[in-house]
Amino acid sequence: MITGTHAILYSDHAEEVRAFFRDVLKHPSVDAGHGWLIFSLPPAELGIHPQEKGSHSELYLICDDVKATVTDLEKRGVRFSRPITEAGFGLTTSITLPGGAELGLYQPKHPLAPPWPAAKMNRTRAATASRVKKKARRKRGR
């Protein structure tokens, strides 16, 4: 039975990237031995996207409010490699990790795949319900 996901970031600046996750993003971790940190991550979901040729993988962290998150992280010294951009599925940007690698950050507009913490699911459902109600009111007003 599959019980979770283990993602790996390869870097020639591994110590600095570990410090970034520990000290800046404040992700909890365990020492797997000899200082090898394994970080806890928030709940995850996996999207499978079509591509005309070839394959590749991307890693994004999800947030509730990308503008507020970027502002908070910039105060902690985080650099971003691109501005916040509107994509069909949400608002995206990229964090510049030590060594120059990029880590995606986005605020989704799509429903989140379960299991997701109840508070997040409720906010997402409430936002969706609010949009549906507004749309219905506009239709009635025509």
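Strand β3 (residues 60-62) pairs with β6 in the parallel sense over three bridges, where two strands are taken to pair if DSSP finds at least two bridges between them, and Gly104 in β6 is the bridge partner of Tyr60. The model is a predicted one, in which local features need pLDDT of at least 70 and side-chain atom pairs count only at pLDDT 80 or more, while totals for chains, interfaces and linings use all residues. Residues are numbered from 1 along each chain as its sequence is written, and side-chain values use heavy atoms, with hydrogens and water left out. Helices (H or I, at least four residues) and strands (E, at least two) are DSSP runs, numbered from the N terminus.

β6 also pairs with β5, in the antiparallel sense and over seven bridges, with Pro108 of β6 as the bridge partner of Gly90. These two strands form a hairpin with five residues between them, and Gly99 in the turn has a positive phi of about 95°. Five of the seven residues of β6 are buried, buried meaning under 20% relative accessible area, exposed over 50% and partly exposed in between (1.4 Å probe, protein chains only).

In helix α2 (residues 66-75), the buried residues are Val66, Val70 and Leu73. Seen down the axis of α2, these residues fall within an arc of 70°, so they line one face of the helix; the arc is that of the directions from the helix axis to the C-beta atoms. Lys67 and Lys75, on the other side of α2, are exposed. The cover over the buried residues of α2 includes β4 (79-87), β5 (90-96) and β6 (102-108), contact meaning heavy atoms within 4.5 Å.
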